Amino acid sequence: MQVPGGMRAAGLALAVAAVAAAVVGWPSAQREPVVLATAPGATSRGQITSPPAVPAAAGDFGVVFHSGLEQLPASLRGTDVSGELEQDAQGNLKVTRGVRSVFDYFLSGTGEETPARQRARLKAYIGAHLGARAAAQALALLDAYIAYKDELDAALRHTPATTLADMQARVDTLRAARARRFSPDVVQAFFGDEDAYDRYSLDKLAILNDPALSPQEKARRVAALRDALPEAQRRQGDVVEVVGTLDALTADWRQRAGTPQELRQLRETLVGADAAQRLEALDRQTEAWNSRVAVYLQQRALIIGDVTLADSTRRQKVDALRSEAFSATERLRIETIERIQESGARDASPASRQPTPG
């Protein structure tokens with residue numbers, strides 16, 4: 001399958017992004033009460049022994065927050081709050097992925113509001129949706145979450161993420177910070193899906209970068225990794241995930257001068273027989289297009305290089321050739337290819353590399 005060089009570079013970039021990406025949609029579940037190692041006034045099970053009331057939040061913000069939805073920052077106006085806040089029959093907060101989604105929703109306004117105003121807004125929203133005991137637990141969890149995000153921002157701001165070792169180090173930093181800030185139950189609820197995908201992404205990169213494995217064996221191992229993911233995670237980002245993996249393995253197959261049968265085998269392993277057939281049809285369409293473009297560019301170069309023609313005549317002949325060779329929609333594509341080719345030719349010319357006179 002002929003693909004642009006930029007697409008071949010996309011495989012690693014997509015995998016890097018996957019390591020740091022936050023996964024949404026973790027299903028709500030009944031859990032134990034909040035277990036926060038850093039929760040002030042907590043018992044050994046992390047429950048607040050004397051939960052304070054959570055009144056409307058006020059401050060030097062020009063507004064008193066009652067619901068937390070007053071005077072939202074511009075980026076949040078007209079949107080719905082993500083996630084949910086729930087409590088159990090005993091009045092304790094249910095720690096779910098939805099709690100983190102609520103936090104992330106309001107904290108996404110960073111830069112539009114001060115941290116103090118963000119916290120006051122969240123405090124009011126929490127108080128409007130939970131009883132006093134669960135609200136106090138949610139507020140303690142919010143403070144731990146904000147501290148966690150601040151810690152990561154400082155720790156990862158200037159760290160590289162270009163090699164497998166770099167990415168492993170970043171994931172290790174994430175896990176260590178979570179362990180310091182939260183109990184295991186909170187870590188699982190907030191980051192369990194994300195951590196599983198981090199492990200998958202690192203394992204996949206290790207497979208793709210293993211020179212001892214054939215493209216077909218890499219495809220089998222990556223498919224096995226994906227099958228082990230929860231169904232919800234497999235559904236999320238399937239197109240990006242499969243395209244990136246296929247791209248990397250196809251480049252590997254091409255570099256090894258593999259056979260068409262080997263390419264079909266690795267495709268069937270990753271996407272199934274029907275999709276493999278569609279990819280082969282796309283290959284044929286791409287090859288036909290590339291052949292047409294090559295013939296056109298050769299004929300165009302002959303016209304442009306004909307010094308016996310006036311400039312206006314050359315332009316007319318090129319326009320006629322383009323109209324004859326391509327449809328109206330295709331002409332938009334070929335004109336872009338022409339501009340790229342001309343730009344490359346100018347950059348490669350000796351004159352373009354001469355120093356500018358001072």
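User: Where is the place of Lys 204?

Analyst: Lys 204 sits in helix α6, where a helix is a DSSP run of H or I with at least four residues, a strand is a run of E with at least two, and both are numbered from the N terminus. The model is predicted, so local features need pLDDT of at least 70 and side-chain atom pairs count only at pLDDT 80 or more, while totals for chains, interfaces and linings use all residues. Residues are numbered from 1 along each chain as its sequence is written, and side-chain values use heavy atoms, with hydrogens and water left out.

User: Why is Lys 204 called buried?

Analyst: Buried means under 20% relative accessible area, exposed means over 50%, and partly exposed lies in between (1.4 Å probe, protein chains only). Lys 204 has a relative accessible area of 5%, so it is buried. Leaving aside neighbours within four places in sequence, Lys 204 is in contact (heavy atoms within 4.5 Å) with Val 222, Leu 225, Glu 241 and Thr 245.

User: What makes Pro 215 count as buried?

Analyst: The relative accessibility of Pro 215 is 4%, so Pro 215 counts as buried. Pro 215 belongs to helix α7 (residues 215-228). Not counting residues up to four places away in sequence, Pro 215 touches Leu 249, Asp 252, Trp 253, Arg 256 and Leu 266. The C-alpha atoms of Pro 215 and Leu 246 are 9.8 Å apart, although 31 residues separate the two along the chain.

User: Why is α5 called roughly antiparallel to α6?

Analyst: Helix α5 (residues 164-181) and helix α6 (residues 184-208) pack at an angle of about 165°, and their axes are 11 Å apart. That angle makes α5 roughly antiparallel to α6: under 35 degrees counts as roughly parallel, over 145 as roughly antiparallel, 65 to 115 as roughly perpendicular, and the rest as oblique. The axes are lines fitted to C-alpha atoms, for helices over the stretch in contact, and angles run from 0 to 180 degrees between N-to-C directions.

User: Which residues of α5 and α6 meet?

Analyst: On the α5 side they include Leu 164, Met 167 and Val 171, and on the α6 side they include Phe 191, Leu 202 and Leu 205. By class, this contact of α5 with α6 has nine nonpolar, one polar and six charged residues. Ala, Val, Leu, Ile, Met, Phe, Trp, Tyr, Cys and Pro count as nonpolar, Asp, Glu, Lys and Arg as charged, and the others, Gly among them, as polar.

User: What makes α10 oblique to α11?

Analyst: The axes of helix α10 (residues 260-271) and helix α11 (residues 273-304) cross at roughly 130° and come within 7 Å. This value makes α10 oblique to α11. Among the residues that meet are Leu 263 and Val 271 in α10, and Ala 276 and Leu 279 in α11. By class, the contact of α10 with α11 has six nonpolar, one polar and five charged residues.

User: Which residues touch the most other members of the largest nonpolar core?

Analyst: They are Phe 103, Leu 141 and Phe 190, out of 33 residues. A nonpolar core is a set of buried Ala, Val, Leu, Ile, Met, Phe, Trp, Tyr and Cys residues joined through side-chain atoms within 4.5 Å. At least two residues of this core come from each of α2 (97-107), α3 (115-129), α4 (132-156), α5 and α6. The most come from α4, with eleven residues.

User: Why does Ala 257 count as exposed?

Analyst: Ala 257 has 64% relative accessibility, so it counts as exposed. It is in the loop between α9 (238-255) and α10. The phi of Ala 257 is near 55°, a positive value in a residue other than glycine. Most residues other than glycine have a negative phi.

User: What phi does Gln 71 have?

Analyst: Gln 71 has a positive phi of about 45°, although it is not a glycine. Gln 71 lies in the loop between α1 (5-20) and α2. With a relative accessible area of 54%, Gln 71 is exposed.

User: How many helices and strands does the chain have?

Analyst: The chain has 13 helices and zero strands. Of its 358 residues, 38% count as buried.
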